[in-house]
Every structure is written in structure tokens, then in C-alpha cells.
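Okay, thanks for making time, everyone. I'd like to walk you through one model this morning, so let me put it up on the screen.

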Amino acid sequence: MHAIGVDIGGTKIAAGVVDEDGTILAQTRRATQPDDAGSIDRAIAEIYAELSESYEVGAIGLAAAGFVASDRSGVLFAPNLAWRNYPLRDRVAELVGPDVRIVVENDANAAGWAEFRFGVGRDVDDMLMLTVGTGLGGAIMIGGQLVRGAWGVAAEVGHMRVVPGGHYCGCGHEGCWEQYASGSALVRDAQAAVITQPERAARLLELAGGDAEKLIGPHVTDAAQEGDPLAVELFTELGRWIGEGSASVAALLDPELIVVGGGVGAAGDLLLAPARQAFGEQLSARGYRPEARIELAAMGNDAGIVGAADLARF
């Protein structure tokens, strides 16, 4: 059975028809208004109408950034979209009709499931996925099963508190892990360095066109890959936070594999090497236990589409 996977972002939706082997057969996109929930519903219906013309579709998986209800019917809360206890499944069903199964999934869970089923995690049973982007999302697989928790909001690892009284987080608390282990944290620290260490930040400022406020993550990645010492240091610090936090998660879950996805993964070993080092240094009982591997995600930007489609079949 073919399924449509829909990855819902703040300003756009990416979707595709996915077969049972995790292969995307056709893709499409739509622009949306984050403050207009109805525009998202209509865009999903348009996507279904377009893709179902050429493929027999039995299910739609909707990957959404936010707290997803345990029955996979809607979104309890989304930080960047106009969803508050929003019955997404039923609203979309009103537009597409009763003949297709619709499920809602957390976007990090969808990406993690894609890696677990078809990507770098397909040979393990216990895995932690970290999606390192604007924030820090997570997905947990234990014994071959996706962990959702009692109310559907498990694996929000980005909001584990790692620095009491630390940087303010969009969730309303301070010192959350994602404030130190995310693309946003990388850019924040790079912009600060341009001000406090101008003589060392010349290459970063050049890539940003002379305006520190226009500095973005790919600029830092490019500079680091060129060997710029400050950019390399910034990735070393980001990797350290990823590794140390992962060691804390390992104390609780003992995964065999930790997968790092998201845009910052483009830095490769500039990120993974310090993450692995920090993970080992902070791992309890090191030397007397097997250690989890830390690897880059393999599915890229298609992970949310593939994972949402596959989870819609279950």
C-alpha cells in the first residue's frame, strides 16, 4: 500500500508518495501561513488530491512539530504554528473524505522512525535520534518500538534542563539542552563571537556580507570546513554539548546507536568527533560497558516524509 508522508514546517509543507520499502515515488510542496491553521489543512488536502491522481493511496501520515496526542489524532501544542489542542486528523479528513487513514506524528519521531527502518539504524533495536536544527528534537526506539509515552509527548529531549538559570528557551524555561545543542545556539554563539572577538571572526563576518545579524549556520559550517579556527571551535563546543547530553540520556535509556540529524550534520566529523569524545568522557562506568555509536543520519531532508508515511501504515 502506498502512503503519503507530509512534513509540516513553519512556512511550507513537503510531501511525497512512499512505498513500503521507504522509497519516495513522487514529491510536491506547498507554502502555508503558520498563523492560519486552516491554510495548512487545505494545503494537505490539495497535496492528497494531486498525488492520489497517479497513485493509489491508503494512508496519510502528518509529521508535525509539536506535542502530538497519544491517539495520534491532533496536536496538543505547537511552538511555531497556530495549533492548540487542534484536531488535525479530523479537520483534514473533512476535506479528503473517509476512505483514507490519517495519523498525526511528531516530526522528530517521524524522522527517527525513517532512520530506524530504512537508514543508519536499521540493524539496531535501541536507538536515540537527535534532530539538531532550529531546536533540538528527539526520537527514541526501545526494543524495536517507538516510545511515545503516556500522553504522546515522550522524547522531547531538547527540553531537558542542563544549565539551571541558563539561556532562556522558547518553551518558557531556562537552560534547556536545545539552547546549547542546536543550530540556533551555533548561530547565537557565532554572532556573539563576531562582536567579542572581531579579529578572529573576520572570515565569518565576510561570509555574512559584513553584517553579523545575517550570519547563518551554513556560513559557520563553510568556515569550519575551510579550517577557520573560530568556526572549528564553535563546532567543537556544539559537539561537546551534544555528546555530554547524550551521555545523560544513555544513563537512562542505554541505546546502541545515537543518530545525529538536521542541518548541522553537514559539518560531519567537525561535529561528530567532539561529540563522541564528550560522550565517552561523561559516560558512567566507561570501560565496563559497551558504548553507543554516534553516527550521522542517512535519510537527509526526506526523513520526515518517509517516516510519517511508514508510521501511517501501523
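Before anything else, keep in mind that this is a predicted model. I'll start with a pairing between two strands: strand 5 and strand 6, the latter covering residues 75-77, run antiparallel and are joined by two bridges.

Leu 76 is a residue of strand 6. Is Leu 76 buried, exposed or something in between? Its relative accessible area is 33%, so we call Leu 76 partly exposed.

Okay, on to strand 4, residues 57-64. Here the picture is one of cover: seven of the eight residues in strand 4 are buried. Which strands does strand 4 pair with? One is strand 1, residues 2-8, which runs parallel to strand 4 and is joined to it by seven bridges. Within that pairing, Val 6 is opposite Leu 62 of strand 4. Another is strand 8, residues 101-106, again in the parallel sense, this time over six bridges. There you can find Ile 60 with its bridge partner Ile 102 in strand 8.

One more residue I'd like you to click on is Ala 15, in strand 2, which spans residues 12-18. Ala 15 counts as buried because its relative accessible area is 0%. What does Ala 15 touch beyond its neighbours within four places in sequence? Its contacts there are Ile 4, Gly 5, Val 6, Ala 26, Gln 27, Thr 28, Ile 47 and Ile 305. Take Ile 4: it is eleven residues away from Ala 15 along the chain, and their C-alpha atoms are separated by 6.8 Å.

Last, the overall layout. The chain divides into domain 1, made of 2-113 plus 302-312, and domain 2, which is 123-297. Going by C-alpha atoms, the two domain centres are 27 Å apart.

That's my tour, so over to you.

Technical notes
Residues numbered from 1 in each chain as written. Predicted model: local features only at pLDDT ≥ 70, side-chain atom pairs only at ≥ 80, totals over all residues. Heavy atoms only, no water. Pairing = 2+ DSSP bridges. Helix = DSSP H or I, 4+ residues; strand = E, 2+ residues; numbered from the N terminus. Buried < 20%, exposed > 50% of the residue type's maximum accessible area, 1.4 Å probe, protein only. Domains from an automatic or database assignment. Contact = heavy atoms within 4.5 Å.
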